[in-house]
Amino acid sequence: MAKNVTQKLIASHLVEGGMRVGEEIGLKIDQTLTQDATGTLVMLEFEALGIPRVRTELSAQYVDHNLFQEDFKNPDDHLFLRSACKKFGLWYSRPGNGVSHPVHMERFGVPGKTLLGSDSHTCAAGSLGMLAIGAGGLEVAMAMAGEPFHIKMPKIWGVKLVGELPDWVSAKDVILEMLRRHDVDGGIGKIIEYYGPGLMALSAMDRHVIANMGAELGATATVFPSDEAVKEFLKSQGRGDAWREILADENAAYDEHTEINLSELEPLIALPSSPGNVVPVREVAGREIYQSYIGSSANPGLRDFAIAAFIVDGKQVHDRVSFDVNPTSRQILENMIELGILGKLIRAGARLHQAGCGGCIGMGQAPATGRISLRTVPRNFPGRSGTKEDQVYLCSPETAAASALTGVITDPRMLDMAYPRFKEPETNRLNTEMLVPPTSEGAPYELEKGPNIKPLPTLEPLPDQLEGPVLLKVADNISTDGIMPAGAKVLSLRSNIPELSKFAFSQIDETYYARAMGCQKRGSFVVGGANYGQGSSREHAALGPRYLGLKAVLAKSFARIHLQNLSNFGILPLTFVDPEDCKKIAQGDVLSIPDVRNAIRKGNRVRVINLTKNETYETEHPMTPRQVEMVLAGSLINLVRQKRLNLSRNN
């Protein structure tokens, strides 16, 4: 039977289950990726598993998020991560070496391999013909231990690209077009595979832009073939021997199908405060801006900086505009210097920041209150920039650079200049020195734990009955940024759950923490709308509220990664059988779920009683039997420990 690329990748790594849509499957994981904002907790989880060394082909730990060093917390975490890499056998990417996704693509990405990362944008590596998936940190720790990664078999959504991009339109506009058509939940339960003649004009880094923001569609992964474009990229990185061709078979079929004529696209922009709120740039042209930001994992390539440099070359950006340039890797920064790209940007008024995630994750570069910030980053959730009343728009480097010059949102086609061209060099100036290889097996190393690194909290098993108040009710598409914010104040606390939990839901309701602490032992509920928990893979958005006593979340539907994270930490996820019942529950209502352990063991229907209003609602849990066992045990870690204890007793 003819197979598409995704089917080939899954079939070659399938260790459990069958490739039938909706059936749980287990996949062998070849590589893992962790970054410092999630990796500190991953290393604590891996330590808790009691396994001396990673069992993957390759695992890499990046320091790219928590680069501000206002006090001891971040540098202490960096030393802890370095020591964990030495102890457990991971590659260590030093602070300032760059954003995990482009660096991993440059140095470690291999067509045909699987990659699991504790960052939702891990899917960017699909640009190389990999099956790359973002997940919660605990699942990555399990993969590092050699365990399969479990997921429900997604639908495979084929997107045929035809035509060729016009001048002033680039890869960012392709993924914005997908978001314009399908919004932030259009990819839930699906892997997106791009194919067709339109691929011929898209470089590997162009594909990275598209694959990266597949996360914004809610997709499980994005897959591209491994073809000549991938071969050229790997050769330019001095890794040509890593390439192998992986193409869809002739007449390969897809579960769903979409076609995009690249020739018909125009510059697009996502308005606040959702990546799915996309319109043509021309419709909002003329709005005054404060900031224009170029960089991030969503536009990380040398080409993205070069095009912006050519647009502003010999000119000066508007005096009101903060023109922020965030190189995505040390290697790209060195090439920008060597090719004269950086000089053009600096002379035009750019503010240069270190290679890392920076403003994308709210780690500096926050915009002025209520002022428009154009950014080439992947997300514009409310407050993610570090400014609570932000106005972040997502766009291409072309639109960002053009607008920096004029001081207003500008369709780059309106500039009085020819569209600049940039040809990727056949060979790059390589930087491998900032990557520290794994130590030899058996070498003795101790973990270096500073005072901010606290043990994982104890999580009790699910009781026979749940009863407590609804502490919060939220709308559709609540993101993990809304549940547990990022930014300089919060990211440094990722290894200290008691302190981190003080920020839970603070973007939505600053009283949540105090109210939750008041009923921490009794337990509480949260009620949400559709696509609850979209966005970042941060498991802290489950673990923080769990520490505060959250026992169950009732929602219309859940985002994939957050659903797994809730299960991982023993929070019961429930969906309304009748979505209209969601409207009947108010914040402050007291809910009860009697005999809950038996209910989720025997089936997926769960009866919820509103004691305040004397009403009953039918809900169902979307968990697999494996996830049910996690919730019953109180967490995946509890379950693993219990299984090991039983195994040792039997032996």
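Helices are DSSP runs of at least four residues, numbered from the N terminus. In the predicted model examined here, helix H8 provides five residues to the lining of the largest pocket, the largest share of that lining.

The space in this largest pocket amounts to about 1100 Å³. Its lining consists of 37 residues, and those nearest the centre are Ser203, Asp206, Phe422, Lys423 and Glu424. Two or more lining residues are given by each of helix H7 (204-212), helix H8 (228-236), helix H10 (302-312) and helix H11 (330-338). By class, the lining of the largest pocket comprises 19 nonpolar, eight polar and 10 charged residues.

The second largest pocket holds about 490 Å³ of space. It is lined by 28 residues, with Lys152, Gly189, Arg560, Leu563 and Pro622 the closest to its centre. Strand S8 (149-152), helix H19 (560-568) and helix H21 (625-633) are the elements that contribute two or more residues to this lining. The lining of the second largest pocket divides into 12 nonpolar, 11 polar and five charged residues.

Attention was also given to Ser396. This residue, Ser396, is placed in the loop that runs between strand S19 (391-394) and helix H13 (397-406). Ser396 counts as buried because its relative accessibility is 0%, the cut-off for burial being under 20%. A polar atom of the Ser396 side chain lies 3.2 Å from the backbone nitrogen of Thr399. When neighbours within four places in sequence are left aside, the residues in contact with Ser396 are Ser170, Lys172, Asp173 and Thr376.

Notes: Residues are numbered from 1 along each chain as its sequence is written. This is a predicted model: local features need pLDDT of at least 70, side-chain atom pairs count only at pLDDT 80 or more; totals for chains, interfaces and linings use all residues. Side-chain values use heavy atoms; hydrogens and water are left out. Buried means under 20% relative accessible area, exposed over 50%, partly exposed in between (1.4 Å probe, protein chains only). A polar contact is a pair of N or O atoms within 3.5 Å; within protein, one must be able to donate a hydrogen and the other to accept it, and residues adjacent in sequence count only if both atoms are side-chain atoms. Contact means heavy atoms within 4.5 Å. On a 1 Å grid over the protein atoms alone, a cavity is a set of points where a 1.4 Å probe fits but cannot get out, and a pocket is an open set with protein on both sides within 12 Å along at least five of seven lines; lining residues have an atom within 4 Å of a point. Grid points are joined across faces, edges and corners, and a volume is the space filled by probe spheres set on the points. Ala, Val, Leu, Ile, Met, Phe, Trp, Tyr, Cys and Pro count as nonpolar, Asp, Glu, Lys and Arg as charged, and the others, Gly among them, as polar.
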